[in-house]
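Open the model in your viewer and keep the selection panel at hand. Each stop below gives a selection and then says what is there.

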Amino acid sequence: MATLDTGPRAKLKWGLLDAVVVVFALIPVLWVVSLSLKTTATLTDGNFIPREWTLDNYRLIFQTDQFVRALINSIGIALISTLIAVVLGTMAAYAISRLDFPGKALLVGVSLLIAMFPQVSLVSPLFNIERQTGLFDTWPGLILPYITFALPLAIYTLSAFFKQIPWDLEKAAKMDGATQAEAFRKVIAPLAAPGVFTTAILVFIFCWNDFLFAISLTSTEQSRTVPVALSFFTGASQFEDPTGAISAAAVVITIPIILFVLFFQKRIVAGLTSGAVKG
Amino acid sequence: MSVSSTTPATTAEELSEGGRRELPQKRAKAALSEGKRQERRLGWLLCAPAALVMVAVTAYPILYSFWLSLQRYDLKFPSEREFVWFANYATVLSNGYWWTAFGVTLLITVVSVAVELVLGMALALVMHRTLIGRGLVRTSALIPYGIVTVVAAFSWRYAWTPSTGYLANLLSDGAPLTERASALSIIILAEIWKTTPFMALLLMAGLALVPEDLLKAASMDGASAWQRFTRVMLPVMKPAILVALLFRTLDAFRVFDNIYVLTNGANETSSVSMIAYNNLMKGLNLGIGSTMSVLIFLAVAIIAFVFVKLFGTAAPGSSDEGRR
């Protein structure tokens, strides 16, 4: 192992290992991109790299209501869920990391339990409850379970971040004559913002990803999200193979993830690792 | 990783908490100053919305699910709704499909988590120790973690579809997704690809706790790379490994998306989540579907319980939060 060795041979060895990881991680993504760019004629030739390139698949999906509507649903539902989960999570995480009150351990325990909760166990009861309350096949009907399962993630990540904030600075600012509001806005908020932002990304990815709730608690285009719409794609006509269209739609919903990962890799890694090992 | 956020106030409260446990209530009430009471109220107020949502959307439905599971309740025949006690449980537990799905779920869980632990450890070491391109490796590894599972599943499905896919054409001329053994292998492969980076990130957090001096000292004393790994790194990483295993095991047990897209449960590749979903959505049988929900909940609870027993004090929350 190269704990002490930093010579060119060690670098080569690590470089090769890096390459293996990168290839392993990217091939399935590149394959979908490749499929989405193939023409209908070459779709089934089995080549990894397209022989004929076209953007028709993208043009096709953006002309269908089915996809555009699902994209709007996905974005709207994920954004609203993220906003609410992060606000509620920030409040709870602040209390957990800063205040002392009975029931704190219980709340942490409950969020841990929910993080482990089998989501499929909620599908039957929620289906019936939402059917009876009129929440079935609506945005709030999906936002509610998303918030619930995003909250443990938000609370854990945020508490871990908040515990690292030097809160004494707030006191110092007040001693220097700042008001409570100023101390919060100028000292604490800028320190807390990165943690909140990272949490928001993780929660958004979680909501963006969901398939089980989305397929069980929706029935029409009114609230179907893209992952579900994908599994209902039939192509331009019933007899046309939807492979190209599905691939193009898949690429479109992968773009935000790629952007997050490219620009915020360090934050996401920090967020995922900080909440994880507190034991 | 102890962070110096423990303010004097917390220490004082810890002391008074210790005192309260020994002495009866009277003393405790006297010790609660106005400031402390305000702090409590603020704490409760801030936590209330999150706690309410979490409990309302999980605790109530799971109890309701238990109530539904005691009834014959088929949405196709709503008039035949009837209270049948545990008859649904008898029906499900004596059903071959349920146990097949249970076996499939266990197989996928055990194999994928075991492989992920090994690969995840390797990936964690690469991400943590690589001399060059650390950012590139970490960025690439995050892509499987972040990508929508359904998208990844479609990628694997098309890769293994005869004539369309680059992998199907490499191998023999069958249709691997239509045979049970190969289909299950592909499902496991898709799971491993998607979640190894998550495992690796959790393990990397543990790896960061291994003191560099200790590794150097061990290597001076003539410990081989393997000895350094098993004798120095693994003991320090044990809590991180258990957390990663717990989360991934429970997550793998819920496998649904990959199976739905890859095989749709054909050729006996359904997981318990798949048949619970099918009973509800295709069978519209709320009674049976709810029974399965409750059984899956119990299975997960048992797995979690076993892990927490293994953890001892290393359980997340218990050592850090529970102490206060």
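This is a predicted model: local features need pLDDT of at least 70, side-chain atom pairs count only at pLDDT 80 or more; totals for chains, interfaces and linings use all residues.

**Stop 1: chain A as a whole**

Select chain A and colour by secondary structure. Chain A carries 11 helices and zero strands. Followed along the sequence, its pattern is α-α-α-α-α-α-α-α-α-α-α. Along the principal axes, the C-alpha atoms of chain A occupy a box of roughly 75 × 65 × 35 Å. Of the 279 residues in chain A, 49% are buried. Now turn to the contacts in chain A with a separation of 6 or more: 74% of them join residues 24 or more positions apart.

**Stop 2: two domains**

Colour residues 6–54 of chain A as domain 1 and residues 64–276 as domain 2. How far apart are the centres of domain 1 and domain 2 of chain A? Taken over C-alpha atoms, they are separated by 30 Å. Where the two meet, domain 1 of chain A supplies eight residues and domain 2 of chain A supplies eight residues. Inspect the side of domain 1 of chain A that touches domain 2: five of its residues are nonpolar, two are polar and one is charged.

**Stop 3: the interface between the chains**

Show both chains. On one side, 98 residues of chain B make contact; on the other, 94 residues of chain A do. Which helix of chain B gives the largest share of the side that touches chain A? Select residues 34–69 of chain B: this is helix α3, with 19 residues. By class, the chain B side holds 60 nonpolar, 27 polar and 11 charged residues.

**Stop 4: annotated spans in chain B**

Next, bring in the UniProt record. Its unreviewed entry lists "transmembrane region" for residues 42–67, 97–127, 139–160, 180–211 and 286–308 of chain B. Select two of these spans. Residues 42–67 of chain B are 100% helix and 0% strand, with end C-alpha atoms 36 Å apart. Residues 180–211 of chain B are 88% helix and 0% strand, and here the end C-alpha atoms lie 47 Å apart.

**Stop 5: the nonpolar core**

The largest nonpolar core has 166 residues. Those touching the most other members are Ala92(A), Ala150(A), Val203(A), Ala249(A), Phe154(B), Leu203(B) and Leu262(B). Helix α9(B) gives the most to this core, 17 residues. Centre on Leu203(B). Leaving aside residues up to four places away in sequence, Leu203(B) touches Gly120(B), Met121(B), Ala124(B), Met237(B), Ala240(B), Ile241(B) and Ala244(B).

**Stop 6: Ser185(B)**

Move to Ser185(B), in helix α9 (residues 180–207) of chain B. Is Ser185(B) buried or partly exposed? Ser185(B) has 13 C-beta neighbours inside 10 Å, so it counts as partly exposed. Ser185(B) and Ser112(B) are 73 residues apart in sequence, yet 9.7 Å apart in space from C-alpha to C-alpha.

**Stop 7: two positive phi angles**

Select Trp85(B). Its phi is positive, about 50°, although Trp85(B) is not a glycine. Trp85(B) sits in the loop between β2 (82–83) and α4 (87–93) of chain B. Trp85(B) is exposed because it has 9 other C-beta atoms within 10 Å.

Finish at Asn264(B). Asn264(B) is a residue other than glycine with a positive phi, near 55°. Look for it in the loop between α12 (257–262) and α13 (272–281) of chain B. With 14 other C-beta atoms within 10 Å, Asn264(B) is partly exposed.

Notes
Residues are numbered from 1 along each chain as its sequence is written. Chains are lettered from A and ligands numbered from 1 in the order in which they are written. Domain bounds come from an automatic or database domain assignment. Two residues are in contact if their C-beta atoms, placed from the backbone, lie within 7 Å. Ala, Val, Leu, Ile, Met, Phe, Trp, Tyr, Cys and Pro count as nonpolar, Asp, Glu, Lys and Arg as charged, and the others, Gly among them, as polar. UniProt positions are given in the numbering used here, feature names are shortened, and annotations may be inferred rather than shown by experiment. Helices (H or I, at least four residues) and strands (E, at least two) are DSSP runs, numbered from the N terminus. A residue is buried if 20 or more other C-beta atoms lie within 10 Å of its own, exposed if 12 or fewer, and partly exposed in between; C-beta atoms are placed from the backbone. A nonpolar core is a set of buried Ala, Val, Leu, Ile, Met, Phe, Trp, Tyr and Cys residues joined through C-beta atoms within 7 Å.
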